[in-house]
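Welcome! Please take a moment to look at the sequence and the 3D structure, and then read on for a guided tour.

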Amino acid sequence: MTSVPRAAAAWTLAHGIQRAGLKYAARKGQVTAQLAIDPVTMADPFAAYERLRGSTIDRGPVVNATVDHATANQILRSDDFGTGAGKAELPRPLQKLFDLVADPYTLSPVDPPSLLATDPPEHTAHRKLVSGAFTARKVMRLNERVEEVASELLDKIVAEGGSTFDLVDRYAARLPVAVIAELLGIPDDEHDQLLAWGNRAAVTLDPGLTFRQYRSAADALREMHHWFEAHVERLRRKPGEDLLSGLAQMTGDDAMSPLELRAVGLLVLGAGFETTVNLIGNAVVDLSAHPDQRAMALEEPDRWGNVVEEVLRWDSPVQLTMRAVVRDTEVGGEQLRAGEAVLVLLGGANRDPKVFENPARFDVTRANADQHLAFSAGAHFCLGASLARLEATTALRLLYNRFPDLEVAGTPVRRGTRVLRGYEHVPISTRASVAT
Ligand code: HEM
């Protein structure tokens, strides 16, 4: 257990200073700060994004931001920007101090050595090792398994009555966790524990947490780190075909340190299910709110791929990421100095009228829906994008095949996270199921 003073120091550096600055700027009316810190603005951020639409980069006293698709794309792909080691807005000396006080057993997927918080050359080498698990061939091989798991989950819902159920708890969360657990060699009976940890830790992606939020997430992360440590040991003794077994077996210069192995496990686990659950949940709620679009989705079985792209664009499960300028540069006609941070508002870029005609309209037939930046771009482009697409397309196709009259019954409950956008509960009612 980390001592309270050490945890308080880590929180102050990782969140406290940032929280104070963002709160001050939000009170002064800075839209970017409101987007970063205020859960009410983030529950429906789209009006706020439009207030930033006038400039390529909105310059703010605490943080800059962009909702401009071309600028966001350029920043994400440019060598002039780095991740800021997950602490983009802190001056370098304070980032270094954080590394000293941070407990390595509470590091989150946005702290180094996670892929999300490292830059080349370290990032390039690690990414190469991890990406082997996500090649097109390997994802295609998972196709059958994804169908199988989704069908089993639906069978279970039907067998247990099926006329009302919580989509997230019974389906949208279960499919991704089952798939990712297989990739990481985790047995079936651990799924509930993984989901519980994931729910507690997901908030660590958000900037400016309160000390209480930070402590609760850090406790979950600590349990996960210890669990992964033991899991890697198990895989070393009895390796399987999975990604972690492969990485744990490596020797020599390529071998990953115990912390790096835990970081890969935590990232792939978190990224693998905390996002895809939201994609599936958002899709069902969005289709329910747009009956004409739902009818079009159901009328052509081949359309599910494009439905998924439009949900990714219109209701992005990851709304933002952050980058720090590593050397003075110009982007979107703005001069940026080394050390400045930019909030890349992916959800806002995905509604840029310069790229998407009538961008606020949810249109499952949109021809260029897949030009979204929902999976980011450049060096950190989502490694699981093909897998997420496969899971969501299969999940939706099988769900609506089984329950063609499915309705969202009542008000879905949003998750309390700001970076991740999705639902904690989506109550569903159905009248009839179709046998498959
Ligand atoms: C709807 C589902 C998903 C969405 C919206 C999503 C989104 C993202 C985004 C936006 C990033 C980059 C963040 C940045 O540029 O700072 C990212 C990175 C990543 N994602 Fe995903 N993701 C999804 C599903 C998955 C799945 C299923 C996996 C793995 C099984 C996965 C694994 C990763 C990994 C490993 C990275 C880090 C890549 C790097 O930093 O080099 N993601 N994801």
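## A predicted model

Before we start, keep in mind that this is a predicted model. The values below are therefore computed from a prediction.

## The shell around the ligand

Let us begin with the ligand. How many residues surround the ligand? There are 26 of them, and the closest are His-123, Arg-127, Thr-321, Ser-376 and Cys-382. Sorted by class, this shell holds 16 nonpolar residues, eight polar ones and two charged ones.

His-123 has a side-chain N or O atom 2.7 Å from a ligand oxygen atom. Arg-323 places a polar side-chain atom 2.7 Å from an oxygen atom of the ligand, and His-380 also has a polar side-chain atom 2.7 Å from a ligand oxygen. Where in the fold does the shell come from? Helix H7 (122-131), helix H14 (258-273), helix H15 (276-289), strand S4 (321-325) and helix H19 (385-402) are the elements that give two or more residues to the shell. The most comes from H14, which gives three residues.

If you want to find Cys-382 on the chain, look in the loop between helix H18 (346-349) and H19.

## The largest pocket

Now turn to the pockets. The largest pocket holds about 430 Å³ of space. It is lined by 14 residues, and those closest to its centre are Lys-138, Leu-183, Glu-241, Asp-242 and Leu-243.

Which helices each supply at least two residues of this lining? They are helix H8 (136-159), helix H10 (174-183) and helix H13 (243-249). By class, the lining of the largest pocket has seven nonpolar residues, two polar ones and five charged ones.

## The second largest pocket

The second largest pocket has about 360 Å³ of space. Its lining is made of 14 residues, with Val-149, Leu-153, Lys-156, Arg-174 and His-191 the closest to its centre. H8, H10 and helix H11 (191-201) are the elements that give two or more residues to this lining.

Which element has the largest share of the lining of the second largest pocket? The answer is H8, with six residues. When the lining of the second largest pocket is sorted by class, there are five nonpolar residues, one polar residue and eight charged residues.

## Two cis peptide bonds

Next, have a look at the prolines in the loop between H6 and H7. Pro-112 and Pro-113 are joined by a cis peptide bond, with omega at about 10 degrees, and Pro-113 lies in that loop between H6 and H7. A cis peptide bond also runs from Pro-120 to Pro-121, where omega is near 5 degrees. Pro-121 is found in the loop between H6 and H7 too.

## Positive phi angles

Which loop holds Asn-358? Asn-358 sits in the loop between H18 and H19. Although Asn-358 is not a glycine, its phi is positive, at about 45 degrees.

Ser-376 lies in the loop between H18 and H19 as well. Its phi is near 70 degrees, a positive value in a residue other than glycine. Is Ser-376 buried or exposed? Ser-376 counts as buried because its relative accessibility is 12%, which is under the 20% cut-off. Remember that Ser-376 is also among the closest residues to the ligand.

Thr-83 belongs to the loop between strand S2 (81-82) and helix H6 (92-101). With a relative accessible area of 4%, Thr-83 is buried. A polar atom of the Thr-83 side chain lies 3.4 Å from the backbone oxygen of Ala-117.

Finally, Gln-95 is in helix H6. Gln-95 is buried too, because its relative accessible area is 8%. Along the chain, Gln-95 and Leu-266 are 171 residues apart, and their C-alpha atoms are separated by 22 Å.

Conventions:
Residues numbered from 1 in each chain as written. Predicted model: local features only at pLDDT ≥ 70, side-chain atom pairs only at ≥ 80, totals over all residues. Heavy atoms only, no water. Near = heavy atom within 4 Å. Polar contact = N/O pair within 3.5 Å; in protein donor to acceptor, adjacent residues only side chain to side chain. Helix = DSSP H or I, 4+ residues; strand = E, 2+ residues; numbered from the N terminus. Nonpolar A, V, L, I, M, F, W, Y, C, P; charged D, E, K, R; others polar. 1 Å grid on protein atoms, 1.4 Å probe; cavity = no way out; pocket = protein on both sides within 12 Å on 5 of 7 lines; lining within 4 Å. Points joined across faces, edges and corners; volume = space filled by probe spheres on them. Buried < 20%, exposed > 50% of the residue type's maximum accessible area, 1.4 Å probe, protein only.
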